[in-house]
Amino acid sequence: MPRELQFTGIRNFPSTRDTLVAELEKFSEGDTNGRVVVSVQSFLFRIKNALAMWAKLRWKLRNEGRCFEDRCINLMVLADEMAHSFPHCQTTVINERGVIDIQDLVMQKRPDMLAMQLGSLTLWGWSNIDTAAVENACMIEEEQRRWEQKLASKNDERSESLRRLWSRLYYKDVHCDCHQCLNLYLPFRDLTPSPPLPQMVNYSDSDSLSSLFEE
Ligand SMILES: [Zn+2]
């Protein structure tokens, strides 16, 4: 990567990341900002491209948190899968203008999970200087704790699909010495496990998933 491009990339990294995260968080509230299917997909591909660029960003730099590149690659794969699965998802509602409303809680939870992980990426893994990343890293550990406390249920396939997705998103490198891999952001308190998900057709019942969204 040319030196100049690398510097610009590093300088813009936090703001690019935070902009993408803010947009993804809107998805998790059901709002795709008037996007039609292809523009939801292209937004997810934009995330994938940003991740590909970030994975090369630290080339020949001080290796502060060696998990960074692997985290980027892991998220690239998942952002790509999410983009491809979007048009085929039966719980995604496309209104008469072709715009997507994400009404289903499972579909809202997926971008929420991705947003947390994306937001926790930091080039300053040995410190707490990147406060937005630290905040997301803490949320990730709380989310992980909630999944650990929530009993697996064979009858709750939707919830289990989220659990599988989360287990692929939750990443630790035992050989890495960044604060996240060293478990410095683990929650002190026990969190209330989330109750089972509502039936797919029942969009109005949002209470049972709400504990998964707690901060
Ligand atoms: Zn690490």
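What is the mean pLDDT of the protein chain, and what share of its residues reach 70 or more? In this predicted model, the mean pLDDT of the protein chain is 84, and 83% of the residues reach 70 or more. Among the elements of the chain, H5 has the highest mean pLDDT, 95, while helix H7 (residues 207-210) has the lowest, 47. Over residues 201-209 the pLDDT is below 50, and this stretch has twelve contacts in the model beyond near neighbours in sequence.

The secondary structure of the protein chain consists of seven helices and three strands. Along the sequence these elements follow the pattern α-β-α-α-β-β-α-α-α-α. Of the 215 residues in the chain, 31% are buried. Among contacts between residues at least 6 apart in sequence, 74% join residues at least 24 apart.

Helix H1 (3-27) is described next. H1 has 25 residues, and the distance from its first C-alpha to its last is 35 Å, close to the 36 Å expected at 1.5 Å a residue. The helix bends by about 50 degrees at Phe 13, and a proline, Pro 14, follows within four residues. The buried residues of H1 are Arg 17, Leu 20, Val 21, Leu 24 and Phe 27. These buried residues pack against E1, H2, E3 and H4. Leu 24, one of the buried residues, is in contact with Pro 111, Leu 114, Ala 115 and Leu 118 when its neighbours within four places in sequence are left aside.

The largest nonpolar core of the model has 36 residues. Within this core, the residues with the most contacts are Leu 24, Ile 47, Leu 51, Ala 79, Leu 114 and Leu 118. At least two core residues are supplied by each of H1, helix H2 (37-57), helix H3 (68-85), strand E3 (99-102), H4, helix H5 (131-149) and helix H6 (157-169). H2 gives the largest share, seven residues.

Ile 47 lies in helix H2. Ile 47 counts as buried because it has 26 C-beta neighbours inside 10 Å, and the cut-off for a buried residue is 20 or more. Not counting residues up to four places away in sequence, Ile 47 touches Leu 20, Ala 79 and Leu 118. Ile 47 and Ala 79 are 32 residues apart along the chain, yet their C-alpha atoms are separated by 7.1 Å.

Strand E1 (residues 31-36) and E3 run antiparallel and are joined by two bridges. In this pairing, Asp 31 stands opposite Asp 101 in E3. E3 has two faces: Ile 100 and Ile 102 form the covered one, and Val 99 and Asp 101 the uncovered one.

H4 (residues 105-120) has 16 residues and reaches 23 Å from its first C-alpha to its last, close to the expected 22 Å. H4 is mostly covered, with 14 of its 16 residues buried. The buried residues of H5 are Ala 133, Val 134, Asn 136, Ala 137, Met 139, Ile 140 and Glu 143. They pack against H4 and H6.

Two loop residues were also examined. Ala 152 is placed in the loop between H5 and H6. With 9 other C-beta atoms within 10 Å, Ala 152 is exposed, since a residue with 12 or fewer falls in that class. Ala 152 touches Glu 160 and Arg 163, not counting residues up to four places away in sequence. The C-alpha atoms of Ala 152 and Arg 163 are separated by 8.6 Å, and the two residues are eleven apart along the chain.

Asn 183 is in the loop between H6 and H7. Asn 183 counts as exposed because it has 9 C-beta neighbours inside 10 Å. The phi of Asn 183 is near 60 degrees, a positive value in a residue other than glycine. Most residues other than glycine have a negative phi.

Definitions and conventions: Residues are numbered from 1 along each chain as its sequence is written. This is a predicted model: local features need pLDDT of at least 70, side-chain atom pairs count only at pLDDT 80 or more; totals for chains, interfaces and linings use all residues. The expected span of a helix is 1.5 Å times one less than its number of residues. A nonpolar core is a set of buried Ala, Val, Leu, Ile, Met, Phe, Trp, Tyr and Cys residues joined through C-beta atoms within 7 Å. Two residues are in contact if their C-beta atoms, placed from the backbone, lie within 7 Å. Two strands pair if DSSP finds at least two bridges between them. pLDDT is the predictor's confidence in each residue, from 0 to 100. The bend at a residue is the angle between axes fitted to the seven residues ending there and the seven starting there.
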